[in-house]
Amino acid sequence: MEDNRQRDDGQKFPGAQKPPSWEPVSRAEEDRLIRKGAREGALLGVLLVLPLGLLAFWLFWVYLSGQNAQTSLSSAEEKRALLEKLIEEHYYQEEDIDARALEDGMYRGMVQALQDPYSEYFTPEDLEKLFNQREGIYYGIGAYVNQDQETGLVRIAGLIPESPAEEEGLQENDLIFAVNGEEIQGKELQEVISLITGPENTEVSLTIVREGAGELMDFRLTRRKVERRTVDWEMKDQGIAHIVLREFDTVTEEQFAEALSMAKESGMKALVLDLRGNMGGNLSTVLEIARMMLPEGLIAYTEDKNGVREEFFCDGKQQLDIPMAVLINGNSASASELLAGALRDYEMAVLVGTTSFGKGIVQETFPLSDGSALKLTVSHYFSPKGVGIHGVGIAPDVEIAFDREAYIGPEKKDNQLDKALEILSGELAK
């Protein structure tokens, strides 16, 4: 750097052989010069002290960094280890620390950060319960549930006949506000199910939000072994079979095949396929059930995030060639919508009820080596004609709202089912 200050060496006086002589100054001028010198001295002091202060602060920071070197993080793994260490050393209720629960909470939090209500982390215990449910056996209250997107609560989508839930007066579309006094808003569906289910003959308390009730309602139920019939059927007048499909679990394929066979043997001339409250289930199960009804051709197809398409076909060897009506409502979702959409695309059935839920995405469960598992949304599915229903649902051909008051009345009148029977009766009369 160049030094731009002038030197008192005579060179700043061109042509002079020596500096000029000093002349006396007045008292006022002397005071002015003293004040000027004081200001310049103070400024010089600041210029000298400021760098020294900054240097001292920097040295202090280096010292602190050295004292807290363990907080310097270079990876997520180091951060996790540090959090565990800090909890272990400083959390005041040491007896409440559960290392396994902390670890599971970390995994759950990672999946929850996706903000996808259908992606979940399963502990080994969660996974075992899930498998048992898919086999149609579990210990609980006997209610089908789903996640309500607007409130973040869990909704009762349907009730198993003669279950604790039905006996104690729970109703379809009730929202679960709390389980055993613990509010469940924002919790994953599987986590809430784990709170509700439990050992046989133990009690669980549910706090319910019911439309029109005006206040929260409390129910105390006793858990018991629930062996779910996922399929029921009965023969109505004029040879019209009514088959109720409550979900698509592992046992459903065999149960549906049995019900369909018995209906045929009983002289079935038309069919009401009841998918109300059916929130879906296994893709493989619904495809096999579709193959018991559809003609030869495409059942549905999926597309993943890379545009890779997977198609599912029917050989048409078991095609049902009879009039059909399909009952749907706002709790008919996923696999139910896939089946209803395929029957509509092939013009094999009239859809009756209210617009379906609108879940047109597919989840895949990835088992992990420690017995846990990760369920992730992996693709969208589409009907044979390429219709995607995610977020919009399927609108019925004949819209009719469910009359709850008539159903819970002494005659238990099901106005939606009656409408489907009326339509099929007209078809048979042609």
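Helix axes here are lines fitted to C-alpha atoms over the stretch in contact, and angles run from 0 to 180 degrees between N-to-C directions. Helices (H or I, at least four residues) and strands (E, at least two) are DSSP runs, numbered from the N terminus.

The model is predicted: local features need pLDDT of at least 70, side-chain atom pairs count only at pLDDT 80 or more, and totals for chains, interfaces and linings use all residues. Residues are numbered from 1 along each chain as its sequence is written, and side-chain values use heavy atoms, leaving out hydrogens and water.

Start with the whole protein. It has 11 helices and 19 strands. Of its 430 residues, 40% are buried (under 20% relative accessible area, with a 1.4 Å probe and protein chains only). Take the contacts (heavy atoms within 4.5 Å) with a separation of 6 or more: 65% of them join residues 24 or more positions apart.

Now turn to one helix pair. The axes of H7 (residues 252-265) and H8 (residues 283-290) come within 9 Å and cross at roughly 20°. H7 and H8 are therefore roughly parallel to each other (angles under 35 degrees). From H7, Thr252, Glu253 and Phe256 make the contact; from H8, Thr285, Glu288 and Ile289 do. By class, this contact has two nonpolar, two polar and two charged residues.

Stay with H8. Its buried residues are Thr285, Val286, Leu287, Ile289 and Ala290. What covers them includes H7 and helix H9 (335-345). Strands S11 (240-245), S13 (297-304) and S14 (309-314) are also among the cover.

Conventions. Parallel < 35°, antiparallel > 145°, perpendicular 65-115°, else oblique. Nonpolar A, V, L, I, M, F, W, Y, C, P; charged D, E, K, R; others polar. Buried < 20%, exposed > 50% of the residue type's maximum accessible area, 1.4 Å probe, protein only.
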